[in-house]
Amino acid sequence: MKNLDDLLAEGVAGRRVLVRADLNVPLDGETITDDGRVRASVPTLRRLTEAGARVVVTAHLGRPKGEPDPKFSLAPVAARLGELLGTEVALAADVVGESAKAVVGALTDGGVALLENIRFDPRETSKDAAERESLAEDLAALVGSGGAFVSDGFGVVHRKQASVYDVAKKLPHYAGGLVLAEVEVLRKLTEDLARPYVVVLGGAKVSDKLGVIANLLTKVDRLLVGGGMAYTFLRAQGHEVGQSLLQEDQLDQVRGFLAKAEELGVELVLPVDVLAAKEFAANAEHEVVPTDAIPADRMGLDIGPRSRELFASKLADAATVFWNGPMGVFEFEAFSGGTRAVAQALVDSNAFTVVGGGDSAAAVRQLGLPEDGFSHISTGGGASLEYLEGKELPGVTVLKLDPASGSSVLEG
Ligand SMILES: Nc1ncnc2c1ncn2[C@@H]1O[C@H](COP(=O)(O)OP(=O)(O)O)[C@@H](O)[C@H]1O
Ligand SMILES: O=C(OP(=O)(O)O)[C@H](O)COP(=O)(O)O
């Protein structure tokens with residue numbers, strides 16, 4: 001697999017280089033509330049611009065429905081990226097259309113352009129390989145002959161999407177510095193692992209991330225489940241969860257996890273109390289209730305005080321910890337205590353600690369915890385989890401393909 005150093009050694013001055021970055025940052029309106037992913041993308045971009053490349057960045061923001069939607073515009077990101085790079089970043093008004101062609105055509109050596117949210121094009125996330133490939137071809141055409149592709153969006157390498165996976169088959173491809181660095185740290189969690197190994201899961205991408213648990217159970221000593229993820233487990237145990245986040249169609253799967261954990265001797269720890277709120281709002285009226293008494297008209301928006309103590313005690317003797325997903329709706333001060341407690345427990349522990357995920361990393365910073373209190377803060381949540389469960393990451397695997405050998409090796 002070739003990397004950024006190889007590309008720089010070949011020489012990039014005057015060449016157009018397409019970079020897939022993960023710039024999926026949390027926004028409050030048009031204000032970026034945590035720019036961690038933008039900052040993480042800067043070193044690779046700066047190395048390319050300093051070497052005289054004409055850099056075309058492609059990225060997604062949120063999950064728009066395959067059509068332009070101003071709510072998901074990358075405009076705030078273009079502005080922030082420009083500030084960090086100290087140069088103007090021109091934002092194309094479309095993905096691969098006339099505006100993109102014009103903006104890319106106007107690039108001079110060392111310049112940077114950002115294409116509008118790649119998920120505005122329905123081909124990006126299509127299940128149909130031919131559709132994805134047609135977008136990949138359009139992306140490749142933007143950089144033209146002599147162009148190259150640098151994969152640096154670690155947070156999205158678990159997605160088999162056009163700008164992550166298919167485009168690598170259309171251009172000479174290289175792993176960026178961020179992808180390499182992230183994989184290197186996570187490799188430590190799969191080799192030479194110090195035990196007890198504790199994984200903490202939370203967050204809101206429940207259906208996505210439930211899938212990783214079956215494999216994780218064979219690797220961990222203890223699994224702590226909080227956040228929006230917990231309610232499907234609590235329901236599977238027979239508790240009522242009111243209006244809380246619930247993945248009804250995955251209850252059977254979760255019952256299977258409960259049984260498998262017991263069979264494997266993995267300690268599965270769930271919240272024993274939650275903050276039950278009347279509505280999803282910063283100032284929502286709420287109370288602490290045990291998890292076997294969540295009122296029908298309430299939703300659990302954070303783990304409760306007894307759960308915080310329980311989780312902290314289950315982290316205290318860990319030698320290795322991986323944490324993805326906030327324990328509650330930390331964006332609302334009233335529901336940030338559970339996330340703060342888990343983050344603090346990691347800071348206090350002597351374990352090798354890795355936090356992964358856009359929102360989890362943002363939470364650590366927003367709640368004022370010291371970044372150097374963790375061994376590593378990863379830009380990828382789902383990507384890290386899939387790597388840790390032993391799955392291949394399509395956006396990394398495809399980089400191992402020699403462009404000259406054709407695409408058939410990786411079909412399917
Ligand atoms: N109990 C809950 N109900 C609803 N949303 C929740 C709950 N707990 C956490 N969340 C939300 O989960 C989101 C983060 O989830 P996710 O994207 O899976 O994490 P990450 O980005 O770290 O991988 C946050 O915006 C947070 O508000
Ligand atoms: O935020 C992301 O993942 P994460 O929340 O698992 O860290 C990535 O940008 C991937 O986004 P996606 O889960 O909408 O494909």
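Two strands are taken to pair if DSSP finds at least two bridges between them, and strands (E, at least two residues), like helices (H or I, at least four), are DSSP runs numbered from the N terminus. By that criterion strand β12 (residues 273-277) and β14 run antiparallel and are joined by four bridges, one of the bridge partners being D302 in β14, which stands against L275.

The model is a predicted one, in which local features need pLDDT of at least 70 and side-chain atom pairs count only at pLDDT 80 or more, whereas totals for chains, interfaces and linings use all residues. Residues are numbered from 1 along each chain as its sequence is written, while chains are lettered from A and ligands numbered from 1 in the order in which they are written.

The strands β12 and β14 belong to an open sheet of three strands with the order β13-β12-β14 and antiparallel pairing. Its edge strands, each pairing on one side only, are β13 (286-290) and β14, and neighbouring strands of the sheet are turned by 40° against each other on average, direction ignored. Helix α11 (residues 305-316) lies across β12, β13 and β14 and runs at about 140° to β12; axes here are lines fitted to C-alpha atoms, for helices over the stretch in contact, and angles run from 0 to 180 degrees between N-to-C directions.

In the loop between β11 (267-269) and β12 one finds V272. With 16 other C-beta atoms within 10 Å, V272 is partly exposed, a class between buried (20 or more other C-beta atoms within 10 Å of the residue's own) and exposed (12 or fewer), with C-beta atoms placed from the backbone. Leaving aside residues up to four places away in sequence, V272 touches P290, T291, R306, S307 and L310, where contact requires C-beta atoms, placed from the backbone, to lie within 7 Å.

Strand β9 (residues 197-201) runs parallel to β15 and is joined to it by five bridges, with Y197 opposite T320. Strand β16 (residues 352-356) also pairs with β15 in the parallel sense over five bridges, and V355 in β16 is the bridge partner of W323.

At the level of the whole chain, an automatic or database domain assignment gives domain 1 (4-182 + 392-410) and domain 2 (191-388), whose C-alpha centres lie 31 Å apart. In their interface, 16 residues of domain 1 are in contact with 13 residues of domain 2. On the domain 1 side, α2 (36-50) and α6 (177-188) are the elements that give two or more residues, and α2 gives the most, with three.

The ligands complete the picture. Ligand 1 is surrounded by 20 residues, the closest being G203, A204, G357, D359 and G381, where a residue is near a molecule if its C-beta atom, placed from the backbone, lies within 6 Å of it. The elements giving two or more residues to this shell are β14 (299-303) and α13 (358-366), and α13 gives the most, with three residues. Around ligand 2 the residues include D22, N24, R63, K205 and G357. Because domain 1 and domain 2 both give residues to the shell around ligand 2, this ligand lies between them.

Key. Two residues are in contact if their C-beta atoms, placed from the backbone, lie within 7 Å.
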